[in-house]
Every structure is written in structure tokens, then in C-alpha cells.
Amino acid sequence: LDNLTAIIDVNRLGQTRQTMHGWDLDSYADRARAFGWHAIEIDGHDVDEIDGAFAQASHMEGRPTVVVARTKKGKGASEVEDLEGKHGKPLEDPERAIAELGGVRSIQIEVARPEGDAAPQKIDPGHNVPWPRWGADDKVATRRAYGDALAAIGAERADVVALDGEVSNSTFSELFRKAHPERYFEMFIAEQQMVAAAVGLQVRDYRPFASTFAAFFTRAYDFVRMAAISRARICLAGSHAGVAIGEDGPSQMALEDLAMFRAVHSSVVLYPSDPNQAAALVRLMADYPGIAYMRTSRGATPTIYGPDDRFEIGGASVLRSSDEDQVTLIGAGVTLHEALKAADELSTQGVAARVIDLYSVKPVDEETVRQAAADTGAIVTVEDHWPEGGLGDAVLAALAEVEGVRVRKLAVTEMPGSGKPEELIHAYGIDADAIVAAAQDLVRTPAGA
């Protein structure tokens, strides 16, 4: 940490008034010293003091340095210098300000550069971890599959690092920690700092995977948004999504995360439904040149894909299909398994249902969705999420220019309580019974009605 030097620009003013501590440099320096920093207080407009502080910092051993600099906002331009009410406003006389600052100049400053290339530091690769594979009889939570795949890809790639927000035994990133302890960073309950650290790591050419409960990413959303502005390459995994987490209750239930991450510029949003799919998508995330988010589920679900099945960002899987299909059921994660149950029940009633696993919520597989709309004319979407901005809206966006298709969107519409997972998905209308009822209603309703 003695390689780290921070600078606090103490210019007294906020946007609307003086800050709490004004120019009281000690209030900043004493806090830093309490946390083990070496603090240096200077006049931030004195070049010799600045140079001396940096020289002192460069020789500090064993701890980081913070330079607490007293400055004046707008220094050198009399129209705005150290004045309230000037923040973010254009100058009335810019030519005068330019003249006061020394006129139009072209200044280039060359500084010493680090020797060598910018390649990341080589870290102990840890233990060899084989790629996970699950059989047809296995029931595995996708959060567990995420952890297994993360540990395995860490064995394949020395640039992969993992961060977690003190829930690694729930997100299963602890499997990476056990296999590659030198590349695991425990951020504790500081989700904003976790995302910020991930952004910093990717600047140094590491490939960070950061995980926590999906609901807790709401705390770090501004950092995710700024990561997108910075064109950062980070992988995020949110576990314990939706009412299907059960007894933990609504404070832990992510019901807005799909909408939240769909709104991030250039993001991908992935929602696996079984362990082999989750593992395959982890590998795709590691190569994505932007922000990749995976939503994982708490409970164990049946394995429906083989370990060698292939998936792609922007893809979807058609699990049931025939020329006689009358309705299409679209789900992902927990609700995909409910859609499969619903299709079986509808079959006993003489209703043929197509089932689509929309594991890539963004970008969505428009071709598959539109083909299903053309073939069946009726679609039921079902998601363990609020109705706004999630899987259902992704499907509707894909159908924006398609006429004549009837869509029923099933989602959680009431503030949930606590209960067993199967009780909750039934109570909030996203289980097989609700899907069957919606499909029957669509099939009975004539086109154009």
C-alpha cells in the first residue's frame, strides 16, 4: 500500500454552500491517520510544497500517503475564485479569466514512467480445478454451478480474479477462494467498493468476477453505471433472486435486478436455468468486452442440459416445439421449470405448448421469439421479478413491430412476504398453475379479441 498516494482537494465549497469542515485540514488528516495513513497537509497552490509532498510519499514504507491540499475553488479567475453560487456555471467574461490565468498557452509536462510493460502482476495460479459437469439426475442450484465454474475458469486463466461482499458461502465464490486464495478479494459489506475495486482490477488487465446477493447490487448501482461510462470490463453475479429464495423475506429478494442491469449501457444480462448452462455462461462472461451480469438462483433445480451443450450471448433454447403449438411459454431460471411443468399439464388437456428458455435476457433472441409469435400467435412470459423492465418487457420489445400476437405477462405484482419457495411462487402467480391458466385463457380467446 505504500505505492498508493491519495490527494484530497480541500477547496472549502460545495455546490450550494461551504462544506461541513471548510478549510479545516486537520479534520481530514486526523481521520486518515486514524486509519493508518501517512497524512501531509499542504498549500495546494504552492508548487514547492506539492513537490515536497510527492517526494515524501515516494519514500514512505509500509503504509499509504494522503496529501491534504488547501485550495481555492476557481483559483486565478477573479470572477469565480472562492465564491459561492458559481459552481457549474459558465463565465460571464471568459476572455478576462483566460488573461488572468496567463493567456492561451500550450503546456506539456513529461513525467517519469514506470519501467517495463503494463502486464498485470503474475499471481499464484492456485489449484487445478476440472471443469464441472452434471448429469441428468442431478439437482443443483445455479449459484453453486457459478462457484464451481468460477473456480475452474480461474484454473484455466491467470487473469481471472474474484471479489465478494461477505456472502461467499451463499454466492459460492468461496470455491474460488479455496482454490485460488491469492486472487480472491473479500470486500465485506461494501458493495460500492467491491464494484469500484473490480473496475480498478480490469484497468490492470485482470478479469474480475464480483458477486453478492442480487438485491445488494442496488447499493452499488451508481458504480455500475459509472463503470459503463468508463467502458469497463467486469463480470457481476447476483444470487438469491426473486420470491423463490423463500423464508428470507422481501429484504433479500431481488425483484428489480433484471430491469436494473438491462438499463446499463452495453450490458449483457444472463439468467441460467440449470447448472451446465450456468457454467457455460460463466465462460462467455469472461470474454465479454463490457459489463456482464448473471442472475443465479438459491434453490436446487433439475439438470436439463448436457455438459457439452453450447450457448451464446443473445441466444435462447427451444425445449418443447411442434407444428401444432397453440401457445408459447417463455421463462428463465426458476420459472422455466414451472413452464415445463405447465406444458406437461397443458398437453394432458390437448393444448400443445412451445417452451423457450430465454437465458439471455439482454440481448434477447429476437428471431426465436418472433418465430414463436408467428407460429403460435400467443405468448405467456413468466418471471420471478417485478413486471417492469424484466424478461416480459424484453420479449415485448422484441415483438414491437409484430402484429396479431397476444401476450400475457406473469410476474410478481404484490410486495411478497416470507414462506417456503413453492408457497411463494404459487401465491404470487408465477408457478405452473398460473401459467396453465394464462395459456388456457389465451387459447380460448380468439385472435384480435
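This is a predicted model: local features need pLDDT of at least 70, side-chain atom pairs count only at pLDDT 80 or more; totals for chains, interfaces and linings use all residues.
User: Which residues of helix 1 are buried?
Analyst: Local features need pLDDT of at least 70, side-chain atom pairs count only at pLDDT 80 or more, and totals for chains, interfaces and linings use all residues. Residues are numbered from 1 along each chain as its sequence is written, and side-chain values use heavy atoms, with hydrogens and water left out. In helix 1 (residues 25–34), Leu25, Ser27, Ala29 and Ala32 are buried. Buried means under 20% relative accessible area, exposed over 50%, partly exposed in between (1.4 Å probe, protein chains only). Helices (H or I, at least four residues) and strands (E, at least two) are DSSP runs, numbered from the N terminus.

User: What covers the buried residues of helix 1?
Analyst: The cover includes strand 1 (5–10), strand 2 (38–43) and strand 3 (65–70). Contact means heavy atoms within 4.5 Å.

User: What phi does Gly36 take?
Analyst: A positive one, about 95 degrees.

User: New topic. Where is Ser418?
Analyst: In the loop between strand 17 (406–410) and helix 14.

User: Buried or exposed?
Analyst: Ser418 is exposed, with a relative accessible area of 53%.

User: Which residues does Ser418 touch, leaving out those up to four places away in sequence?
Analyst: Gly246, Glu247, Asp248, Gly249 and Leu424. The Ser418 side chain also reaches the backbone oxygen of Glu247 at 2.7 Å. That is a polar contact: a pair of N or O atoms within 3.5 Å, where one must be able to donate a hydrogen and the other to accept it, and residues adjacent in sequence count only if both atoms are side-chain atoms.

User: How far is the C-alpha of Ser418 from that of Ser251?
Analyst: 9.9 Å, with the two residues 167 apart along the chain.

User: What is at the start of helix 2?
Analyst: A side-chain oxygen of Asp46 reaches to within 3.0 Å of the backbone nitrogen of Asp48.

User: Now the whole protein. How many helices and strands?
Analyst: There are 15 helices and 17 strands. The protein has 449 residues, and 49% count as buried. Its C-alpha trace spans about 85 × 55 × 40 Å along the principal axes.

User: What share of the contacts with a separation of 6 or more comes from residues 24 or more positions apart?
Analyst: They account for 75%.
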